[in-house]
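Dear colleague,

Please find the structure below, handed over for your reference.

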Number of protein chains: 2
Amino acid sequence: MAEKKAKVRLYVDAPLGSAQSVTLGRNQAHYLFSVMRLGVGDMVALFNGRDGEWLAEIGRAARREGQLQCLRQSARQMMPPDLWLLFAPIKKARTDFIVEKAAEMGVARIQPVQTRFTNAERIRQERLQAHAIEAAEQCGGTFVPPVMSLRPLGQVLDEWPGDRRIMFCDEAKVGARVALEGACAGPWAVLIGPEGGFSPDERRRLHAMAQATPVSLGPRILRADTAAVAAMTLWQLTLGDWK
Amino acid sequence: MAEKKAKVRLYVDAPLGSAQSVTLGRNQAHYLFSVMRLGVGDMVALFNGRDGEWLAEIGRAARREGQLQCLRQSARQMMPPDLWLLFAPIKKARTDFIVEKAAEMGVARIQPVQTRFTNAERIRQERLQAHAIEAAEQCGGTFVPPVMSLRPLGQVLDEWPGDRRIMFCDEAKVGARVALEGACAGPWAVLIGPEGGFSPDERRRLHAMAQATPVSLGPRILRADTAAVAAMTLWQLTLGDWK
C-alpha cells in the first residue's frame, strides 16, 4: 500500500525523531480534526525548527487533544543564513507582511525597532510570531525565525555585536549595489527605516558605525515593506544562500 | 511669502504644463475637497504619467468639480526601464500587492496571464489599475504602468516580440543569479508562475524559447507575491536603473 501523503504541515514545539510521539493541545487538535477534518491514520508533516520535517501519523484524534507518531524524516532541517532583520513597525497589514516575507525568504531573527519617526509604540509580538510560523508552514520551511520584542533602535545599537555587520537602506544615498560586492558573509543584519526615514541623529550614528554599510535601493521611493523584501533579496543574492 | 507645499499628489489624465489649467471630475473633487479638506489657494502635486510632476493651485472647489492651475514643474518625468511584469493572478490581496509593488519598483507594463495552474478566471482590471495609480501617488512616482487585460500565457508567448527577453522563475532549477550576469539591458519581461508552478508543457515551451532565461530565487519555496518582488529586485539591480 502506498504511503499516504501529508496534506497539512504543522509547527510543533515537541522534539521530533524516529518513533517519537507528539501530543497536540486544544488549538492544534481543533485545527487538524475540526477545520482540516483529518482523523486517525491520516498523515501530517511536522517540523519544530530544529529537527527537520517528519511525516507523522495521527494515532488519536479527540476534540481537545490528539496524538501523532513520527514515521520518517521527510525533509532535512534547513537553517537560514545568520541574517537578522531589523525594521520599524508600520501599519498592521504591512508589518504582518514584512514578518511573513522574512520567514519565507530566510532570516535567523526578526527584531522590531522603534526609531525617532516610528509610529508604533508597541507590537503584538505573539501575533507576529504566529505569522512567522504560518509562513513557514505554508512555504515548506523547517525554520521559524523568532520575533523579538520591540526595542528602541538606540538601545539595540548600544549593544550591537562588534562582528555583526549592518546593511541599512539610506534614502539619501544614490546608486550602490556595489556596496555589498566584496563584503564577506558571516553575521549580518538588514535594517529598514520607517516610512519617514531615519532622523538626522540616527543617520549620523549609523554612518559612524564601522559595522554599517549604507545601500541604495534605486531611484524611486519604496514603501518600508517593499524595501524590506528588496533588501533581503539583495543580501540573499549577494551574501546569503541564494547565490 | 513662501510658496505653500502640496500635501496631496494626484494622478490626472489631462496635459500638464506652464499655466495649464486642469479640470477635475466628481470623484477627484470629492477626494480633494471633502476627504482631504483642501480649498481654493491650496496646492496639489499633479502628474499624468508623461509630463512630470507639477505643482498646481486650486482655483475653484465645488462639490462635483474643481479647477487647478499648474504653477511650475516640481519633478521631472521619470520613465521606468523597459520591463514588463507577467504574472498569474492569485488571491485578491496578493494580486493587489503584486500590482502595487510593480508600480512602486518601476516596470513599464503589467500583464496578467492565465497559466495551466492559475486559479483566477478573470481579474478586476480597473481595480488593479487604480491600485497602480495609488501606488504611484503615494510613492512619488511620475509614471503609472498600464495593467493589461488577462490573457492566456500561450497566446502571449505566440505573439512574443523577438527582441524582448524573458526572465522566468523556475522552481526546478537551482542556484543561479549568474543567469543574468552578462545579459544585456533592453526590452525584458519578468514572468512569475502561479503558486502551483508551471505545467510541464509550459516549462518545456519556456525553456525552448531563445529569449527566455530561467532564474532561481534561492533554496526556499516563495509565494508568488514574494517571488515577484524578489525577481523585480534582481532584475533592477542587475539590468535596470537601480544599478
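By the rule applied, 10 salt bridges cross the interface of chain A and chain B. Please note that the model is a predicted one. One salt bridge joins A:E100 and B:R223, whose closest N and O atoms lie 2.9 Å apart. Polar contacts were also counted across the interface of chain A and chain B: the rule finds 18 residue pairs, both residues being at pLDDT 80 or more.

On the side of chain A that touches chain B, the elements giving two or more residues are helix 2 (92–105), helix 3 (125–139) and helix 6 (224–238) of chain A. Helix 6 of chain A gives the most, with eight residues. By class, this side of chain A has 16 nonpolar, seven polar and 11 charged residues.

As to extent, the contact takes 34 residues from chain A and 34 residues from chain B. The area buried between the two chains is about 3000 Å², and carbon and sulfur atoms give 54% of that area.

One residue of chain B may also be of interest. B:P145 is placed in the loop between helix 3 (125–139) and strand 8 (151–152) of chain B. B:P145 counts as buried because its relative accessibility is 1%, where the cut-off for buried is under 20%. Leaving aside residues up to four places away in sequence, B:P145 touches B:A103, B:V107, B:A108, B:R109, B:I110, B:Q129 and B:A132. From B:P145 to B:D170 there are 25 residues in sequence and 25 Å in space, C-alpha to C-alpha.

With kind regards

Technical notes. Residues numbered from 1 in each chain as written. Chains lettered and ligands numbered in written order. Predicted model: local features only at pLDDT ≥ 70, side-chain atom pairs only at ≥ 80, totals over all residues. Heavy atoms only, no water. Helix = DSSP H or I, 4+ residues; strand = E, 2+ residues; numbered from the N terminus. Buried < 20%, exposed > 50% of the residue type's maximum accessible area, 1.4 Å probe, protein only. Contact = heavy atoms within 4.5 Å. Buried area = accessible area lost by both parts, 1.4 Å probe. Salt bridge = Lys/Arg side-chain N within 4 Å of Asp/Glu carboxyl O. Polar contact = N/O pair within 3.5 Å; in protein donor to acceptor, adjacent residues only side chain to side chain. Nonpolar A, V, L, I, M, F, W, Y, C, P; charged D, E, K, R; others polar.
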